[in-house]
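Look at the charged side chains in the structure shown here. The paragraphs that follow go through how they pair up and where they sit.

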Amino acid sequence: MGQTLLNIKTRNNLNFQIGLIDMPFGLDWKFFATPDRKTITPPITTEKLFDGGWSDIGVNFSGNSGKLNFNFYVVNGFGEDKGSPVNQIQDNNNAKTSGARIGFTPSKNLEAGISFMQGPYLDNNNSDLLSRTGFDFSYTSDRLQVKAEYIKGTEESPVKTKNSMATYLHLTKEISKKLYTAVRFGYYKEEKLKPEKRYTLALGKNFTDDTRCTAEYQIRRESPSVKNNLFSMQVVVSF
């Protein structure tokens, strides 16, 4: 959760937030905080379509009833940097961005969801819109987690409209109580350009409940071809 200024919960499973919020689109917003993410890098959907992670200022109304859960929100929305959408919390035009996610949990281990958001993002321009439509799936058991997302993006501008899509499949497997491995495949395609791919392998060890070390290697396939495969290590200490 972001730095929410006001969070009201009711007895009938309803929740109302005002302030800085990690936006509930798809699945990855639940793992923005470093202690919650089993890999070091985010999935390609977050990297390419949400500028590395979407937090925003506004209001969010959420709740659950039986097998359904929902989020409805109105926030400032994305801004721009030389015509490209960027994650910024201040408002750069006179309109807001609205969106929603609706999830369905047929069992305690399984969930599927659909998300949508739309709003202006260009400086002082309320007519050209940015939109995202996404579908997500997750399965969780005692030692296995499977996640997948597909997101389609559209960015209008006075010059042209940019269409793109991104998807990933992620598996996390506990090898023992303190050791786990994670693998992920990501795919991104912008209209009229060649696709980009990410192959990610991570190995993590939990030393205590609050301390973890992770090593990750990511193979990147981009066009034009560049040698930018990434190896990284991370130590996480939670307080």
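A salt bridge is a side-chain nitrogen of Lys or Arg within 4 Å of a carboxyl oxygen of Asp or Glu. By that rule, Glu 47, Lys 48, Glu 196, Arg 198 and Glu 222 are linked in a network of salt bridges. The model is a predicted one, in which local features need pLDDT of at least 70 and side-chain atom pairs count only at pLDDT 80 or more, while totals for chains, interfaces and linings use all residues. Residues are numbered from 1 along each chain as its sequence is written, and side-chain values use heavy atoms, with hydrogens and water left out.

The chain contains one helix and 15 strands; helices (H or I, at least four residues) and strands (E, at least two) are DSSP runs, numbered from the N terminus. Buried residues account for 41% of the 239 residues, where buried means under 20% relative accessible area, exposed means over 50%, and partly exposed lies in between (1.4 Å probe, protein chains only).

How many salt bridges does a search of the whole structure find? The search finds twelve. Arg 198 is buried, at 3% relative accessible area, whereas Glu 222 is partly exposed at 22%.

Another salt bridge connects Arg 101 and Asp 136, and here the closest N and O atoms are 2.8 Å apart. Because Arg 101 is in strand β7 (residues 97-107) and Asp 136 is in strand β9 (residues 129-140), the bridge ties together parts 35 residues apart in sequence. Arg 101 is buried, with 3% relative accessibility, and Asp 136 is buried as well, with 5%.

A further salt bridge is formed by Lys 162 and Glu 190, whose closest N and O atoms are 3.6 Å apart. Lys 162 belongs to strand β11 (residues 162-174) and Glu 190 to strand β12 (residues 179-190), so the pair links distant parts of the chain, 28 residues apart.
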